[in-house]
Amino acid sequence: MAEKAPKEMRLTKQRQAVLAALRSTDTHPDAAWVYQEVRQSLPGISLGTVYRSLAALVDQGLIQELPQEGKVLYDANITPHQHAVCTSCSRVFDLVLPPLDQLYREARRRSGFHSISAYRLDFYGLCQRCAAA
Ligand SMILES: [Zn+2]
Ligand SMILES: [Zn+2]
């Protein structure tokens, strides 16, 4: 029996291009940025196709959505991490913190939930560039 191809091998050309664009940056861009980027290799692609590709990639667990101040940003980094958001320039930085097992345990105890599968913790402040300006 043939080895099952990884999820990414079965992606359409459009979805592969969207995924590649997101993986080329760690700036957490929005759909409009992805559209501009992907158009360089696929000039015929529409914004609608970019939106549908992003939604499909989220469904497949290959990227994650970050709702942020009324916009949706996208992140190709799907390993567990938090974000630091600059309140001046709105840039979003990846932040890897020590394991927060105790936070999970407390959240489970206080909520009475059977299990806690994920959490979201964002930090807001001034980035180095804005603080220096
Ligand atoms: Zn800033
Ligand atoms: Zn991130």
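**Entry 1: R91**

I started at R91, which is partly exposed, with 13 other C-beta atoms within 10 Å. I noted before going on that this is a predicted model. R91 sits in the loop between β3 (82–86) and β4 (92–95). I then asked which residues R91 is in contact with, leaving aside its neighbours within four places in sequence. I got T27, C86 and C127.

**Entry 2: S41**

Next I went to another loop residue, S41, in the stretch between α2 and α3. Is S41 buried or exposed? I count 12 other C-beta atoms within 10 Å, and the cut-off for exposed is 12 or fewer, so S41 is exposed.

To R91, 50 residues apart along the chain, I get 26 Å. To A118, 77 residues apart along the chain, I get 35 Å.

**Entry 3: the whole chain**

I stepped back to the chain. It has 5 helices and 5 strands. Reading from the N terminus on, I wrote the order down as α-α-α-β-β-β-β-α-β-α. Along the principal axes, the C-alpha atoms fill a box of roughly 55 × 50 × 25 Å.

How much of the chain counts as buried? I find 15% of the 133 residues. I looked at sequence separation as well: among contacts between residues at least 6 apart in sequence, 53% join residues at least 24 apart.

**Entry 4: α1 and what covers it**

I moved on to helix α1, residues 13–23. Its buried residues are R15, A17, V18, L19, A21 and L22. I looked up what covers them, and the cover includes α2, α3 and β2 (71–75). That gave me helix pairs to go through. Two packed helices are described by the angle between their axes and the distance between the axes, so I noted both for each pair.

**Entry 5: α1 with α2**

For α1 and α2 I have a packing angle of about 110°, with the axes 9 Å apart. That makes α1 roughly perpendicular to α2. I logged the crossing as right-handed.

On the α1 side, A17, V18, A21 and L22 make the contact, and they meet V34, E37 and V38 in α2. By class I list 6 nonpolar, no polar and 1 charged residues here.

**Entry 6: α1 with α3**

The axes of α1 and α3 come within 9 Å and cross at roughly 75°. I therefore put this pair down as roughly perpendicular too.

Which residues meet across it? From α1 I have Q14, R15, V18 and L19, and from α3 there are T49, V50, S53, L54, A56 and L57. The classes come out as 6 nonpolar, 3 polar and 1 charged.

**Entry 7: α2 with α3**

The last pair I went through was helix α2 (residues 31–39) against helix α3 (residues 47–59). Their axes come within 10 Å and cross at roughly 115°. The range for roughly perpendicular runs from 65 to 115 degrees, and α2 and α3 are therefore roughly perpendicular to each other. The crossing of α2 and α3 is right-handed.

A31, V34, Y35 and V38 in α2 meet L47, V50, Y51 and L54 in α3. I sorted the contact by class and got 8 nonpolar, no polar and no charged.

Leaving aside its neighbours within four places in sequence, V34 is in contact with V18, A21, L22, P29, V50, L54 and Y74.

Technical notes. Residues numbered from 1 in each chain as written. Chains lettered and ligands numbered in written order. Predicted model: local features only at pLDDT ≥ 70, side-chain atom pairs only at ≥ 80, totals over all residues. Axes fitted to C-alpha atoms, helices over the stretch in contact; angles between N-to-C directions. Helix = DSSP H or I, 4+ residues; strand = E, 2+ residues; numbered from the N terminus. Parallel < 35°, antiparallel > 145°, perpendicular 65-115°, else oblique. Left-handed = near helix turned anticlockwise from the far one by under 90°. Contact = placed C-beta atoms within 7 Å. Nonpolar A, V, L, I, M, F, W, Y, C, P; charged D, E, K, R; others polar. Buried ≥ 20, exposed ≤ 12 C-beta atoms within 10 Å, placed from the backbone.
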